[in-house]
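Please keep the sequence and the model open while reading.

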Amino acid sequence: MGETMRIRRSPVRRAGESAFGLLLVGRNVLLLGVVLLLLAAGVWSSWNTAQHVMLTKGRERGTVTIARCDAERCTGSFAPADDAGTERPRVSIDKSVTHRTGERLLVAVKPGTNEVVRTGWAGVLYAWVPLAGAFLLAALVMAGGLRMRRTAWAIALLGLAQLGVTFVLL
């Protein structure tokens, strides 16, 4: 009774088990690559705006007064915060960061353009909205494909919290 019985598996069965294990590892590596690609795309997309919002040293900063809005953009006049900037009669800003004409917003000018981006906490959070969306998509892949449900919930809640705070501040 104290002896253990050894059951020998055939070489074909052992090879099949090894191949299946290799497929599982390959699937997990592929899905982890998809998650990393989603997050990298979110950072890349967000950085186009975030660099102008977060790294304002040396950039023109000031206030824009919204005069007119169309379907996607609002325009208005720009008044610089210091003597280093120049007044601009017409600059444009994304409509989703404004609420009404006559509103005054703190902004930074994108170098070489007449386009401005909102600064402050609202502007920073708005600039990183694509990353929050990437968090939500990555959470779906992590929960469904990688079976990492707790990590997926944490990432999804982080993305939802960032979107919620952005909505409240704008």
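Is Glu-60 buried, partly exposed or exposed? With a relative accessible area of 21%, Glu-60 is partly exposed, where buried means under 20% relative accessible area, exposed means over 50% and partly exposed lies in between, with a 1.4 Å probe and protein chains only. The model is a predicted one, in which local features need pLDDT of at least 70 and side-chain atom pairs count only at pLDDT 80 or more, while totals for chains, interfaces and linings use all residues. Residues are numbered from 1 along each chain as its sequence is written, and side-chain values use heavy atoms, with hydrogens and water left out.

**Salt bridges**

- The structure contains three salt bridges, each defined as a side-chain nitrogen of Lys or Arg within 4 Å of a carboxyl oxygen of Asp or Glu.
- Glu-60 pairs through its side chain with Arg-88, at 2.4 Å from N to O.
- Because Arg-88 lies in strand β3 (residues 88–94) and Glu-60 in the loop between α1 and β1 (61–69), this pair ties together parts that are 28 residues apart in sequence; helices here are DSSP runs of H or I with at least four residues, strands are runs of E with at least two, and both are numbered from the N terminus.
- Arg-88 itself counts as buried, at 17% relative accessibility.
- A second salt bridge joins the side chains of Glu-115 and Arg-73, again given from N to O, at 3.4 Å.
- This pair links distant parts of the chain, 42 residues apart, with Glu-115 in the loop between β4 (104–109) and β5 (116–118) and Arg-73 in strand β2 (residues 73–80).
- Glu-115 is partly exposed with a relative accessible area of 25%, and Arg-73 is likewise partly exposed, at 26%.
- The side chain of Glu-115 also meets that of Lys-110 in a salt bridge of 3.4 Å, N to O, and Lys-110 counts as buried at 17% relative accessibility.
- Through shared partners, Arg-73, Lys-110 and Glu-115 are joined by salt bridges into one network.

**Nonpolar cores**

- The largest nonpolar core has 19 residues, of which Val-35, Trp-128 and Met-142 touch the most other members; such a core is a set of buried Ala, Val, Leu, Ile, Met, Phe, Trp, Tyr and Cys residues joined through side-chain atoms within 4.5 Å.
- Two or more residues of this core come from each of α1 (11–54), α2 (120–127), α3 (129–144) and α4 (149–169), and α3 gives the largest share, six residues.
- Apart from this core lies another, of 13 residues, among them Phe-78, Ile-93, Val-97 and Leu-170.
- Not counting residues up to four places away in sequence, Val-35 touches Ala-138, Val-141, Met-142 and Leu-146, where contact means heavy atoms within 4.5 Å.

- Helix α4 has 21 residues and reaches 30 Å from its first C-alpha to its last, close to the expected 30 Å.
- Within α4, the residues Ala-152, Ile-155, Ala-156, Gly-159, Gln-162 and Thr-166 are buried.
- These residues cover an arc of only 120 degrees around the axis, which puts them on the same side of α4; the arc is that of the directions from the helix axis to the C-beta atoms.
- On the other side of α4, Arg-150, Trp-153 and Val-168 are exposed, whereas what covers the buried residues includes α2 and α3.

- Cys-69 is partly exposed, with a relative accessible area of 30%, whereas Cys-74 is buried at 0%.
- Thr-63 has its place in strand β1 and counts as buried at 16% relative accessibility.
- Leaving aside neighbours within four places in sequence, Thr-63 is in contact with residues including Ser-77, Phe-78, Arg-104 and Val-107.

Technical notes
Expected span 1.5 Å × (residues − 1).
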